[in-house]
Amino acid sequence: MASNKNKLAFLSMPAPASYVAGLGRGASGFTTRSDIGPAREGPSAEVIAEAQARRGEEPEIDPEQFQDPDNEYGLFAGTTYEQDDEEADKIYDDVDQKMDSRRRARREARENAELAKHRAERPKIQQQFADLKRGLSVVTDQEWESIPEVGNLTRKKRRKDERTFVVPDSIIVGDRSKSEYENSLDTRQQQANGFETPADTGTMTNFVEIGQARDKILSLKLDQISGTATTSGSATSVDPKGYLTSLNSVVLKTEAEIGDIKRARMLFDSLVKSNPKHAPGWIAAACLEEHAGRMVAARKLIKAGCEQCPKSDDVWLEAARLHNNDDAKVILANAVQHVGQSVKIWLAAADLEQDIKSKKRVLRKALENIPNSVRLWKETVNLEESATDARILLSRAVEVIPLSVELWLALARLETPERAKAVLNKARKSVPTSHEIWIAAGRLLEQGAMGDPDKSTETRNKELELVDKTIELGVRELRRHQVLLTREQWLKEAERCESDGSPRTCEAIIKATVSMEVEEEDRLDTWVSDAESAEAKGMVGTARAVLAYALKVFPDQRNLWRKAADLEKAHGTKESLDGVLSQAVHYCPQAEVLWLMSAKEKWLAGDVPAAREVLEKAFIANPESEQIWLAAVKLEAENGELGVARELLVRARTVADTERIWMKSAVFERQQGQYAAALETVSTALSKFPKFAKLYMIQGQIRQMEKHYSTARASYAAGLKACPKEITLWVLASKLEELDGRSIKARALLEKGRLVNPANEILWAESVGVEERSGGAAQAKAMLARGLQECPSSGLLWSMSIWAEPRPTRKSRSVDALKKSKDNPLITCTVARLFWTERKIEKARQWFSRSVATEQDKDIGDHWGWWLKFERQHGTPEYVEEVIRQGVAAEPHHGPVWQVIAKDDKNVGKSTKELLAMVADALQ
């Protein structure tokens, strides 16, 4: 009993404040007046205003108190909207837009940041499982099949879906008949007494016919699948014999692609329904079905498009493309009925024909409908195999279309030269605004002049002059008919003529038009740039013609003659180069370089007397020219005329009397072994030119060769006192001291030289070499580091630094060197040698090529020597010959090893090819 009282004790307790009876059973609570107490009216507005006045508060102003009760837009909405109101509104709108634009960037940045933060904190489920989805691509078929089926893992008993259905009467009747027995025979069985089958007596089963029928049914099914059924008249897309094999090439579309195709199909369906006369919509819808692999639907769509847009040739062409050849012919035949003036329809119909005769028939039918189509005439003429038939067609074509320049020119090409002139004259009268006809006339005259090899030179030149006159007349006539082509257009026409094998016509165009649209003060620069541009494109004839015209206007410009000579040297013949140089020295007799080029070319050609003759004329024009005197001396010395060379030097010292002539005189005597005469010449020269450093070098080297180290030291000391800025003197003096066994004195000399010539890479490099040869590797490394601090962009010091590093760190050191030295050619050659040591042949070859890329780099002979040595070891004979050819053409003069070998008295008179081979052998 006590327990029952405890259970019911809550009945005497007060209910909770939010308790609603029956809420747990789904009942809804309600509130009465007794729950909230009696209602009471609040203070009125007057009482509230009095209370606020006693407290000193201002009454709140109702913003709606001035509202017009009859006008919801305010009292002033009915006033007149004047121009100043409109201007004020525009100003406020501009201010609002300006303020909004000022805050827009920050607001958008803040919103993007908040959005990115929100997505990072709460990523989508698709993003969370993206990596797992990508991982499914590597799941194999076996792993996929081994995944267990999804079962009930909740361990809860589920109620089985037990449903009952009414069984149909047919099932009950059929089941009843299964257990019955027949007690009567069929009529046919009764005729055969019940002992024979109803089949005809004596017939046998033909399994061959059954197999053939099965094969026929299979072929019909394949035809239906591939769209080749004979009753459908559609095109084949699948080979029935290889149908199963072709299934391997079927591209399976993803669900996304299928969804895109469905959406696109809906859009195109809406497009063609809303605007059925829009041809591109039908074409796009058909292409979509073709892409989806539904060729039948594509053909139906394009057929409907042809019905809706019969005047659109694009729809008909697309319909022909989607069908096979025979059906396409029928489609295009229908198209011709609607768009008979469409050239594209006729050309497509001609392309469908297989034999030439049918094509001709279609095109001639097209010309009957569209006689003014140039394209149809051209296609018809191209099908003709006989030149006579083509000529007849073109004659008719130019009668029908007299304004077609292409047809006139094609007819002129097929005619004989005499009749071609008449054709071009007719064309010029019919189309007086065509420059192509005038150019074709010029080319015709040029071909007539150059075609007969038996013509005399005078006759040929007269006929070629007609080319110039014809082109000049054509330019005047075109201007008269207000046809103004620009210089660039005429230059392109000239280049086209050169490409087509008509150089004289090209030259005539240049003569007639190159001075157009050019200011008088800009003519020279403009023509030079035109020639350089043409040469860069490979149009040598155009460049030659431009320079020839410029030389007629400016015959006294030696730089222009030099460019013309360089052009002929690079692309012309020896005769053309000799002709240009002969004219150059005639118009510019004071240009020493032109005389020297002319003499050198004759000397290289093996004509030494002609070279002497050129130099004699040069002496007359320039009696005090140092270069011409030295060239004459070199010519005689190279050809074994040593006495003549010595006499020339004596005369040169008397007439020209320059420091270089005195130096060459001393060098000549030294090369002949006349050391006493050489020293005497140097002493005399030093009395005249005490500041010329090379004289001190020659004197010291001769003394050094005679083992007179003290006098050689005195010569170098005198030279350093007179020319302290000459780096080579410091190096020679240092090497003399090192040769005499005084490394300390050599080190002191170089240090003094570095003080006099700060930041000089050659002196620092020599100092490093002295330390290395003295056996102080650590001192050499420290000296190299000091040198790099003072010369941070020195390619020579960086190259030495790379080789001073251990082999594993050389590559990283070379990267630093390339950055600091700004692709110095010495560093480029060093990198190539690094690739060589690593057996990276192609990379090494590329970097060797880069080390001699520019004109300045080609002058370094050591780089050519390294490249030649590399190709000898790893290249083919063709590569070796190519390097030698390029090196000889570059004519290098500098490089530590190159200068030592080239200036050796034993190697006097040797060619560049021989010197290059010796340098390659000497490099280590």
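The model is predicted. The protein chain has 50 helices and 0 strands. Of its 924 residues, 34% are buried. The chain exposes about 60,900 Å², and carbon and sulfur atoms supply 53% of that area. Among contacts between residues at least 6 apart in sequence, 51% join residues at least 24 apart.

- Helix H17 spans residues 343-352 and is mostly covered, with 7 of its 10 residues buried.
- The buried residues of H17 are Ile 345, Trp 346, Leu 347, Ala 348, Ala 349, Ala 350 and Leu 352.
- These buried residues pack against helix H15 (313-322), helix H16 (325-338), helix H18 (356-369) and helix H19 (374-383).
- A salt bridge (3.9 Å, N to O) joins the side chains of Lys 344 and Asp 313. This pair links distant parts of the chain, since Lys 344 is in helix H17 and Asp 313 is in helix H15, 31 residues apart.
- Lys 344 counts as partly exposed because its relative accessibility is 38%, whereas Asp 313 is buried, with a relative accessible area of 18%.

**Aromatic pairs and charges over rings**

- The structure holds 10 aromatic pairs.
- One of these is formed by Trp 836 and Trp 866: the ring centres are 6.4 Å apart and the planes stand at 80 degrees, so the pair is edge-to-face.
- The pair links distant parts of the chain, with Trp 836 in helix H45 (residues 825-837) and Trp 866 in helix H47 (residues 861-874), 30 residues apart.
- Both of these residues count as buried: Trp 836 has 11% relative accessibility, and Trp 866 has 10%.
- The rings of Trp 864 and Trp 867 have centres 5.9 Å apart and planes at 20 degrees, so this pair is stacked.
- Trp 864 and Trp 867 both lie in helix H47, 3 residues apart, about one turn of the helix. Both are buried.
- A cluster of rings is formed by Trp 836, Phe 848, Trp 866 and Phe 870, which are linked through ring pairs.
- Arg 833 lies over the face of Trp 866, at 3.9 Å from the ring centre.
- Elsewhere, Arg 653 lies over the face of Trp 662, at 5.0 Å from the ring centre.

**Salt bridges**

- Side chains of opposite charge can pair when their charged atoms come close. The whole structure contains 47 salt bridges.
- Lys 563 and Glu 532 meet through their side chains in a salt bridge (3.1 Å, N to O). This pair also links distant parts of the chain: Lys 563 is in helix H29 (residues 558-571) and Glu 532 is in helix H27 (residues 523-536), 31 residues apart.
- Both partners are partly exposed, Lys 563 with a relative accessible area of 35% and Glu 532 at 41% relative accessibility.
- Within helix H46 (residues 841-851), Glu 842 and Arg 845 lie 3 residues apart, about one turn of the helix. Their side chains meet in a salt bridge (3.0 Å, N to O).
- Glu 842 is partly exposed, with a relative accessible area of 49%, whereas Arg 845 counts as buried at 11% relative accessibility.
- A network of salt bridges links Asp 468, Arg 504, Glu 507 and Lys 511.

- Ser 715 is in helix H38 (residues 709-722) and is buried, with a relative accessible area of 6%.
- Not counting residues up to four places away in sequence, Ser 715 touches Tyr 696, Gln 699, Gly 700 and Arg 703.
- The C-alpha atoms of Ser 715 and Tyr 696 are separated by 5.9 Å, although the two residues are 19 residues apart along the chain.
- Thr 828 lies in helix H45 and counts as buried at 4% relative accessibility.
- Leaving aside neighbours within four places in sequence, Thr 828 is in contact with Asp 823, Trp 847, Arg 850 and Ser 851.

**A nonpolar surface patch**

- Ile 91, Val 95 and Met 99 form a nonpolar patch on the surface, together exposing about 240 Å² of accessible area.
- Ile 91 is in helix H4 (residues 83-121) and is exposed, with a relative accessible area of 52%.

Definitions and conventions: Residues numbered from 1 in each chain as written. Predicted model: local features only at pLDDT ≥ 70, side-chain atom pairs only at ≥ 80, totals over all residues. Heavy atoms only, no water. Patch = residues over 30% accessible without salt bridge, like charges linked within 9 Å, V, L, I, M, F, W, Y side chains within 5 Å. Areas by Shrake-Rupley, 256 points an atom, 1.4 Å probe, with all protein chains shown as cover. Salt bridge = Lys/Arg side-chain N within 4 Å of Asp/Glu carboxyl O. Helix = DSSP H or I, 4+ residues; strand = E, 2+ residues; numbered from the N terminus. Buried < 20%, exposed > 50% of the residue type's maximum accessible area, 1.4 Å probe, protein only. Phe/Tyr/Trp six-rings, centres within 6.5 Å; stacked < 30°, edge-to-face > 60°. Lys NZ or Arg CZ within 6 Å of the ring centre and 35° of its normal. Contact = heavy atoms within 4.5 Å.
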